[in-house]
Protein chains: 2
Amino acid sequence: MSTNRQVRLRRRPEGMPVDDDFELTTTARPEPGPGQVVVKNLYLSIDPTIRGWIDRDTYLPAVKPGEVVRSAGVGEVVASNHDRHRVGDRVFGLVGWQDFALLDGKAPLNPIPPGIDPRDALGVFGVTGLTAYFGLTDIGKPVAGETVVVSGAAGATGSIVGQLAKVLGCRAVGIAGGATKCRYLTEELGLDAAIDYKAEDVAARLRATCPDGIHVFFDNVGGPILDAALAHLAMRARVVVCGAISQYNDLSAAYGPKNYVNLIARRARMEGFLVLDYADRFVEGVMRLAPLVAQGKLKHRSTVVEGLAQAPAALRRLFTGDHEGKLLVKVDHPAAAAA
Amino acid sequence: MSTNRQVRLRRRPEGMPVDDDFELTTTARPEPGPGQVVVKNLYLSIDPTIRGWIDRDTYLPAVKPGEVVRSAGVGEVVASNHDRHRVGDRVFGLVGWQDFALLDGKAPLNPIPPGIDPRDALGVFGVTGLTAYFGLTDIGKPVAGETVVVSGAAGATGSIVGQLAKVLGCRAVGIAGGATKCRYLTEELGLDAAIDYKAEDVAARLRATCPDGIHVFFDNVGGPILDAALAHLAMRARVVVCGAISQYNDLSAAYGPKNYVNLIARRARMEGFLVLDYADRFVEGVMRLAPLVAQGKLKHRSTVVEGLAQAPAALRRLFTGDHEGKLLVKVDHPAAAAA
């Protein structure tokens with residue numbers, strides 16, 4: 001009889017999450033009831049939005065202390081009483097931080113097409129890449145020749161945004177932390193310029209690298225970097241509010257962008273979005289991204305953390321920037337290995 | 001030989017402008033050169049944007065120390081070498097804080113149609129009313145049944161916004177300072193609710209008066225009031241960034257709206273605009289506003305400060321809220337009166 005390890009929220013984190021905010025519990029492996037599916041998790045997607053889910057009600061209800069931490073992930077159907085999902089299918093959905101997920105077929109659970117690496121189903125072909133695609137094209141609406149600036153540019157979503165901007169004929173400037181990431185942006189991903197926010201004056205470098213101002217600012221980080229960008233907008237600029245990772249660990253000390261007043265003089269707008277709203281266009285997005293990946297125009301990489309028990313530590317790495325591209329946890333299933 | 005009194009900027013104000021930031025000088029009344037026009041000023045329009053003009057380059061170059069303070073106003077053509085402007089015409093334009101303006105016919109100088117009170121050409125039929133009209137309809141895009149909230153609601157622009165929202169079939173809630181202004185909003189202007197930011201908890205009152213959230217927030221003030229509104233947006237809300245009068249006197253201590261992150265969960269946008277961009281649609285705007293004024297659906301009022309020398313004091317009254325509706329300076333022309 002196999003077991004199911006689960007990482008549950010023990011208490012709401014204050015600031016940066018610590019290991020004691022979570023607990024690893026073990027229960028019996030679930031059996032599917034009528035209409036239900038059991039998924040054996042392979043990879044968990046470690047995303048900034050998890051920090052919000054475990055803190056408060058957002059666009060989804062908060063995860064309560066005692067509950068399994070909500071998380072996107074990929075896995076394999078190992079038992080099914082559901083018409084559409086058969087044993088052996090590889091699927092993507094909100095599987096949670098656990099070895100096995102019991103899903104009722106009502107929550108979105110999507111098959112992963114043959115030929116797609118399951119890790120890419122969480123990355124470039126998953127919510128990460130689709131966030132970049134819909135946020136940039138539908139909210140940012142860049143026009144060839146314009147300048148697109150992206151923060152968190154070496155991250156999973158940001159790195160796709162910068163490369164998509166180039167594909168669309170724009171100048172692309174990325175903001176990231178550290179010389180290594182900045183070299184990656186210009187030398188590997190082909191961006192026109194990179195700004196190292198840890199070592200450089202972001203405002204001065206934005207003026208130098210964007211002489212005509214910023215037409216589209218795709219923001220993943222918030223804080224003073226957003227403020228510097230707001231001060232250097234081109235006329236009728238679009239600021240895509242995708243995330244604010246610099247702010248998620250301490251909302252009470254959140255940094256409000258003082259330069260939002262510049263939206264008036266620049267006749268500019270800031271707009272937020274959630275990729276979930278584009279669910280009926282996900283196929284369109286993947287169809288646009290797939291050939292670009294095949295042609296080598298969308299490079300992407302991932303950092304894989306081994307072991308379910310490391311999920312809390314992996315979440316911290318999102319905020320310290322100590323990872324490259326898409327951050328994943330590989331679920332290790334030691335019980336199965338020992339069996 | 002008559003003279004021309006002029007209020008010049010002496011130095012850039014720090015914080016709230018004081019009288020010593022300006023100086024009253026006297027020169028000869030100008031004579032028109034080829035193509036030029038001399039306008040005898042009747043009323044000056046005291047607007048928040050003047051605080052920006054005397055401080056720094058904005059959407060227009062900064063007024064430099066030693067120069068006459070830039071200001072909209074109405075006056076009468078008293079000498080003309082220009083084809084389109086004849087002596088006796090009443091006109092509207094950027095006439096400056098002075099008795100007589102020498103204009104070259106290149107700067108916008110618009111005739112005031114017969115039957116329009118020249119004060120209204122600066123108010124409900126001027127930039128004030130047109131700012132309300134285009135900002136609300138073109139940026140806010142309210143739909144009948146939605147809730148529109150306006151800050152600075154008893155002010156010149158805000159009071160038109162609230163009434164226009166009612167005309168468009170929306171619920172209208174105004175935020176203003178003091179019980180008298182709040183009574184004016186609900187009892188005179190017909191708004192559905194008013195919030196006294198000086199005496200009430202704005203966030204709590206927004207929740208109480210807008211149970212379905214705020215669909216359109218028309219912001220004239222910025223600061224913590226904007227933040228409270230951002231926290232209570234309805235899905236796909238539009239925040240019209242018209243002004244930030246609470247912020248203009250000390251940009252270094254400006255308050256950035258921390259709750260802008262809520263734009264993500266609400267899929268909402270903040271957008272700035274300048275009424276100058278709608279110059280080619282001003283006639284449309286006046287045609288829409290005029291019948292509403294005639295039908296008594298757009299009430300408006302003004303506070304008239306007597307005397308050119310009082311212009312700096314009038315500017316301060318904008319920021320203390322010690323005025324009702326449109327704030328004007330009546331140019332007194334004592335030299336002419338004495339002649």
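## Domains, core and chain contact

Trainee: Over how many bridges do E13(A) and strand E13 of chain B pair?
Mentor: Strands here are DSSP runs of E of at least two residues, helices are runs of H or I of at least four, and both are numbered from the N terminus. Two strands pair if DSSP finds at least two bridges between them. E13(A) and strand E13 (residues 269–272) of chain B run in the antiparallel sense and pair over three bridges.

Trainee: What are the ground rules for numbering and confidence?
Mentor: Residues count from 1 along each chain as its sequence is written, while chains are lettered from A and ligands numbered from 1 in the order in which they are written. This is a predicted model: local features need pLDDT of at least 70, side-chain atom pairs count only at pLDDT 80 or more, and totals for chains, interfaces and linings use all residues.

Trainee: Which element gives the largest share of the side of chain A that touches chain B?
Mentor: Contact means C-beta atoms, placed from the backbone, within 7 Å. The contact takes 27 residues from chain A and 27 residues from chain B. Helix H8 (262–265) and strand E13 (269–272) of chain A each supply at least two residues of chain A's side. The largest share, four residues, comes from E13(A).

Trainee: Why is helix H7 of chain A largely enclosed by the rest of the structure?
Mentor: A residue is buried if 20 or more other C-beta atoms, placed from the backbone, lie within 10 Å of its own, exposed if 12 or fewer, and partly exposed in between. The buried residues of H7(A) include A:Leu226 and A:Ala229, and the buried set packs against elements including strand E8 (147–151) and H8 of chain A. H7 (residues 223–230) is largely enclosed because the buried residues number six of the eight.

Trainee: Which residues touch the most other members of the largest nonpolar core?
Mentor: A nonpolar core is a set of buried Ala, Val, Leu, Ile, Met, Phe, Trp, Tyr and Cys residues joined through C-beta atoms within 7 Å. Leaving aside neighbours within four places in sequence, B:Val149 is in contact with residues including B:Phe217 and B:Ala229. Of the 202 residues in this core, the answer is A:Val149 and B:Val149.

Trainee: How far apart are the C-alpha centres of domain 1 and domain 2 of chain A?
Mentor: Domain bounds come from an automatic or database domain assignment. Domain 1 covers 3–123 + 301–338, and domain 2 covers 127–294. Their C-alpha centres lie 28 Å apart.

Technical notes. Two residues are in contact if their C-beta atoms, placed from the backbone, lie within 7 Å.
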